[in-house]
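Let's talk aromatic rings: what pairs with what, and how do we know? Have a look first.

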Amino acid sequence: MKVISTVPFAGTKQQEEQLSAWLQEHRDTPGAVMPALQHAQEIYGYLPIEVQKMVATALDKPLAEIYGVATFYSQFSLSPKGKYKVSVCMGTACYVKGSGKVLEALEKELNLKSGECGEDGKFSLDACRCIGACGLAPVIMINDDVYGRLTGEEKEIKDMLAKY
């Protein structure tokens, strides 16, 4: 299930102009919805309803179609991401070795649920399928930094997050 953000939309005029220019250039291209949403997410970092409406209007598509695509594909996010993106691997090896406990500890420490971004925009938390570091299970990533062989203990989580 996609989490819809409770953080108010804060797009800029420059972002809107950048997206509008791209949409005008590609509006008649067959199959433009996916590339339009990908481009919009590159500009805004996520796809709030305001951005989905811009895409729907420019491509002359129903908002329901745009929303359907945005919620179907896991590459799209309806919530903003934090400066520090915390991803907890829930792949088989990590899950078996306790990534659920790690996720719970992070949720408690960050006061976020998976799929959310803090109101200050500092951290976002997501569960993901596989990071590809199964030998280090359980694993999380904070942006591009990988942390493995985690226990989910409070001190471990606090010490790790303190770096950010």
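Quick ground rule: buried means under 20% relative accessible area, exposed over 50%, and partly exposed in between (1.4 Å probe, protein chains only). This is a predicted model, where local features need pLDDT of at least 70 and side-chain atom pairs count only at pLDDT 80 or more, while totals for chains, interfaces and linings use all residues. Residues are numbered from 1 along each chain as its sequence is written, and side-chain values use heavy atoms, with hydrogens and water left out.

Q: Why is Tyr 84 called buried?
A: Its relative accessibility is 17%, so Tyr 84 counts as buried.

Q: How many aromatic pairs are there?
A: Rings of Phe, Tyr and Trp (its six-membered ring) pair if their centres lie within 6.5 Å; planes under 30 degrees apart count as stacked, over 60 as edge-to-face and the rest as tilted. By that rule there are 4.

Q: What makes the pair of Phe 9 and Tyr 44 tilted?
A: The centres sit 5.7 Å apart and the planes are at 40°, so it's a tilted pair.

Q: Why is Phe 9 called partly exposed?
A: Phe 9 comes in at 28% relative accessibility, so partly exposed it is. Tyr 44, at 10%, counts as buried.

Q: What about Tyr 84 and Phe 123: what kind of aromatic pair do they form?
A: A tilted one, 5.6 Å centre to centre with 40° between the planes. Phe 123 has 12% relative accessibility, so it counts as buried.

Q: Which residues do ring pairs link into a cluster?
A: Tyr 84, Phe 123 and Tyr 164.
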